[in-house]
Each structure stands twice: as C-alpha cells, then as structure tokens.
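Please keep the sequence and the model open while reading.

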Amino acid sequence: IGYPHGPLTEAAAKLASGPAAGARVPPAGEPLGGGRAPRFALFATAGAESAALLRRFPALLEAEVRAPFAPDGIWLARPDGYMALTAAAGDWQRVGGYLARIAGSSSQ
C-alpha cells in the first residue's frame, strides 16, 4: 500500500536510496507523530536549515530531526507513516514550501 500520486505526496527528487514519496516509512526508532498531537517527521542531516524549519513549524514537525536514510536526501514523513516528500539534500526551500502549504501559509 502506498500513495505515490496522492494529494499530500511530492517527489521533488528521485533519490538513489531511502523510501520514495508515497511509500510506507520503514521502522526507524520511535513511532512517527507520537505524542498527543500528530506531527510530521523530518529525516535529514541536522543543521541550521533544519533547525530553522523546526522553529518555523513547531505545530507541524516533531521537535527533533531524525537521521536521514542516506546523505543525499531529505525525507518528510506524515504522521500516518507514509512519506510525504522526498527532496535532494540541501533543498530546504522545497521542504519549507511544502510545510507552508500544509499550514495554509503563503510565506515561504
């Protein structure tokens, strides 16, 4: 089961490894979106850009960045366990734009 062409799925990059957009997220530690309110999980290399997204979208993102599946990409997983977005490493504008659309914000 997957949602590769669903309205919440965006494949900004075809990555050589890791789950594809719309695919089920492989088990990776803590359950996705855990806690009282569901959150998207960000799988990426932690740094200034990922920290900025965590500050900008605290109501949408888990508080911590999870380790990426491979160094060449960024993965954003929905709380239901399916991959929402795949992007090339460093494509933070794409990730921020996706989250802004989900939040109903036009600022990117």
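R78 is buried, with a relative accessible area of 8%; buried means under 20% relative accessible area, exposed over 50%, and partly exposed in between (1.4 Å probe, protein chains only). R78 forms a salt bridge with D80, and the closest N and O atoms are 2.6 Å apart. D80 is partly exposed, at a relative accessible area of 40%. A salt bridge here is a side-chain nitrogen of Lys or Arg within 4 Å of a carboxyl oxygen of Asp or Glu.

The model is predicted: local features need pLDDT of at least 70 and side-chain atom pairs count only at pLDDT 80 or more, while totals for chains, interfaces and linings use all residues. Residues are numbered from 1 along each chain as its sequence is written, and side-chain values use heavy atoms, with hydrogens and water left out.

| R66 and E62 | 2.8 Å | R66, 13%, buried | E62, 14%, buried |

Another arginine faces a ring: the charged end of R24 sits over the ring of Y82, 4.9 Å from its centre. A charge sits over a ring if NZ of Lys or CZ of Arg is within 6 Å of the ring centre and within 35 degrees of the ring normal.

Three aromatic pairs are present in the structure. One of them joins F69 and W75, whose ring centres are 5.3 Å apart and whose planes meet at 85°, so the pair is edge-to-face. Rings of Phe, Tyr and Trp (its six-membered ring) pair if their centres lie within 6.5 Å; planes under 30 degrees apart count as stacked, over 60 as edge-to-face and the rest as tilted. W75 is buried at 0% relative accessibility, whereas F69 is partly exposed at 27%. Together with F43, F69 and W75 form one aromatic cluster.

The protein has two helices and four strands, in the order β-β-α-β-β-α from the N terminus on. Helices (H or I, at least four residues) and strands (E, at least two) are DSSP runs, numbered from the N terminus.

Which residues of helix α1 (residues 48-56) are buried? They are S50, L53 and L54. Seen down the axis of α1, the buried residues fall within an arc of 100°, so they line one face of the helix; the arc is that of the directions from the helix axis to the C-beta atoms. An α-helix has 3.6 residues a turn, so residues three or four places apart point the same way. The face of α1 turned away from the buried side carries the exposed residues A48 and R55. The cover over the buried residues of α1 includes β2 (41-43) and α2 (92-103).

Of the 108 residues of the protein, 42% count as buried. Among contacts (heavy atoms within 4.5 Å) with a separation of 6 or more, 60% join residues 24 or more positions apart. The protein exposes about 5,900 Å², of which carbon and sulfur atoms supply 56%; accessible areas come from the Shrake-Rupley method with a 1.4 Å probe, and for residues only the protein chains shown count as cover.
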